[in-house]
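The points below take them pair by pair.

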Amino acid sequence: MIICASVCWIGKYANLINEITKSRDELKDERDQLKMYSSNLAKEMEVLQSQYDTVAAGRDKLQEELNRYNLNRTDKPCHQGWIQFNNKCCYLSAAGESKTWEESRKDCQEREADLVIITTKAELEFVKRSSSVTWIGLSRGEQQDEWKWVNGTNLEGTRFWEDGELNNNGGIEDCVEFSRFTAAWNDAPCDETFSWVCEH
């Protein structure tokens, strides 16, 4: 009986060892598979990261090109309340609203613009859409006979002056207004109040 019990116990012990060994081997296989899976996943992550970096770099380059294009484009949409004219956006002061020349220019500058510059007949006709008398971006320079636009350039020619104007009546007419009725310019005291046109 003792021998039988010993043999039975040894048999059970051997079976237990076999089961433990089998479980250990299975766990090792699972561990190795997980290691392989983890390694493959890491490689895939590296590939995906590389692809992402490439796409992100391409996106950033396209954004830079788009920003550069938008900066240089001449057909930018105008803000609400502004009017598109050729390659410019123009703002006409409200009917009945009037300011001095300096106040008008300040209003334009606060709108990131400046008083309108007129160099062509088409621009002259456009400004006729404003109120009856309108300040434009032209004023006397340092010299008595020198007239400058708000962008610092000198006035060239006299074809848009009203007949008999540039008279500097009273010696105080240092700013220029435009009359829609005569479609011409007139020098006037800068502290008079008229409507105005901004452009940018």
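1. C198 counts as buried, at 0% relative accessibility. Its disulfide partner is C108, with an S to S distance of 2.0 Å. C108 is likewise buried, with a relative accessible area of 0%. The model is a predicted one.

2. The C108 and C198 disulfide is left-handed, because the torsion about its S-S bond is about -80 degrees. The pair links distant parts of the chain: C108 sits in helix α2 (residues 101-110) and C198 in strand β8 (residues 195-199), 90 residues apart.

3. C175 and C190 form a disulfide with an S to S distance of 1.9 Å. Here the torsion about the S-S bond is about 95 degrees, so the link is right-handed. C175 lies in strand β6 (residues 175-179), and C190, 15 residues away, lies in the loop between β7 (184-188) and β8. C175 is buried at 2%, whereas C190 is partly exposed at 23%.

4. C78 is joined to C89, S to S 2.0 Å. This link is left-handed, with -90 degrees about the S-S bond. C78 is in the loop between α1 (2-72) and β1 (83-85), while C89 is in strand β2 (residues 88-92), 11 residues apart. C78 is partly exposed at 21% relative accessible area; C89 is buried at 5%.

5. Which cysteine sulfur is closest to that of C90? The sulfur in C89 is, but at 7.4 Å it is too far for a bond. C90 is buried, with a relative accessible area of 1%.

6. The count is three disulfides. With the bonded cysteines numbered in sequence order, the pairing reads 1-2, 3-6, 4-5.

Notes: Residues are numbered from 1 along each chain as its sequence is written. This is a predicted model: local features need pLDDT of at least 70, side-chain atom pairs count only at pLDDT 80 or more; totals for chains, interfaces and linings use all residues. Side-chain values use heavy atoms; hydrogens and water are left out. A disulfide is a pair of cysteine sulfur atoms within 2.5 Å. Helices (H or I, at least four residues) and strands (E, at least two) are DSSP runs, numbered from the N terminus. Buried means under 20% relative accessible area, exposed over 50%, partly exposed in between (1.4 Å probe, protein chains only).
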